[in-house]
Amino acid sequence: MTSLPQHRLPPAARGEHSFFSYDNDLAWADTVVRFVSNGLERGQRVWYSADSTEPSAVIDVLRRGAVDVDTARRDARLSVTGTDLSYLRRVPFDPDWVISMFRAACAEALADGCTGLRVLGEMSWSARQVAGIDRILEAELRLDREVYADLPLTGLCLFDRRLIPAPTADLLTRAHTTCAELPRPPAGDPRPLPTAPPAALAAVPMRDRAGIRLSGSGDIDTRHILHSALAALARMPGPIVHLDLSAVTYLDPGAVAVLVDVSNSLTGKGRSLLLHKPPYSLRKVAELFPEECAALEVAA
């Protein structure tokens, strides 16, 4: 079995927010065992938040993967709980509370002598009609800046494509900074590795400043995504929040109007929104409606 080390590695400079998307139990089990084992070997506390999987089934998989589950649990280094004790402990779903929960859990792990916290979270609850579920993209975007940027916390969000609709999974996975390594299929297996379809509009957090980077097209079909992404942006801390539009191909007048509303709202709070490399479509709308778009500030 994988034994718990006696040494303690120094905490990481910053955490990592990854995702893993899968459609079979073997891929899930392989990734979970490797991710948990790695965390225990590094001296981290590991927390698995189960949703569609029974906690007992997770424990069984770890035991079959040669993880010393009993020692890890005895030493308070491993816990497997339901979503009702993590993301959905407070309903309606509240990103502010989730952020404070992860920060507190990481601080507790460090105080107990661990090198940090490692969290695995099943995201199948994102496909249910949970109160406040419309704020889930906000949470994914804010976690990187407000939790992972300055804490030794390693997070892996698990997306079961059999339970989560493709548009939802695609939107949320693209809000992560990295993708966990996908187990290679056995030699001779003709099945290709799954790939994510291109997103109509996607958002990813910026790592060097408070802001997000959009890619794709902003129109009536993606207006809900734009609203969610900008809601996350507006709640990020700091006097200036940044919006990188260099990968946006098109913004219709309605999307530009949303940007204007957010900019005006932030200005009213003594803050500002700074746009980077807006597409031609935004510049054209600003030329046609200069007074209405006067609130938009573009970086030099």
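Predicted model: local features only at pLDDT ≥ 70, side-chain atom pairs only at ≥ 80, totals over all residues.
In general, the strands of a sheet pair through backbone hydrogen bonds, in either a parallel or an antiparallel sense.

The pairing of strand 7 with strand 8 (residues 211-218) is antiparallel and extends over five bridges, and the two strands are joined by a hairpin that passes through five residues. Within this pair, Ala203 stands opposite Leu214 of strand 8, while Val204 stands opposite Arg213 of strand 8.

Elsewhere in the model, helix 4 (residues 95-111) and helix 5 (residues 136-148) cross at roughly 35 degrees, with their axes coming within 10 Å, and the crossing is right-handed. On the side of helix 4 the contact is made by Pro95, Asp96, Ile99, Phe102 and Arg103, and on the side of helix 5 by Glu138, Ala139, Arg142, Leu143, Glu146 and Val147. Sorted by class, the residues of this contact comprise six that are nonpolar and five that are charged, with no polar residues.

Side chains of opposite charge can pair when their charged atoms come close. In helix 5, Arg142 forms a salt bridge with Glu146, in which the closest N and O atoms are 2.8 Å apart; because these two residues lie four residues apart in helix 5, they are separated by about one helical turn. Both Arg142 and Glu146 are buried. A further salt bridge is made between the side chains of Arg135 and Glu138, with an N to O distance of 2.9 Å, and these two residues are likewise buried. The two pairs belong to a network of salt bridges that links Asp94, Asp96, Arg135, Glu138, Arg142, Glu146 and Arg235.

In total, the structure holds 21 salt bridges. One of them joins the side chains of Arg74 and Asp75 at 3.2 Å, N to O. Here the accessibility is described in other terms, because Arg74, at 63% relative accessibility, counts as exposed, and Asp75, at 39% relative accessibility, counts as partly exposed.

Thr168 lies in helix 6, which covers residues 166-173. At 27% relative accessibility, Thr168 counts as partly exposed. The C-alpha atom of Thr168 is separated by 9.6 Å from that of Leu137, although the two residues are 31 residues apart along the chain.

Definitions and conventions: Residues numbered from 1 in each chain as written. Heavy atoms only, no water. Axes fitted to C-alpha atoms, helices over the stretch in contact; angles between N-to-C directions. Left-handed = near helix turned anticlockwise from the far one by under 90°. Contact = heavy atoms within 4.5 Å. Nonpolar A, V, L, I, M, F, W, Y, C, P; charged D, E, K, R; others polar. Pairing = 2+ DSSP bridges. Salt bridge = Lys/Arg side-chain N within 4 Å of Asp/Glu carboxyl O. Buried < 20%, exposed > 50% of the residue type's maximum accessible area, 1.4 Å probe, protein only.
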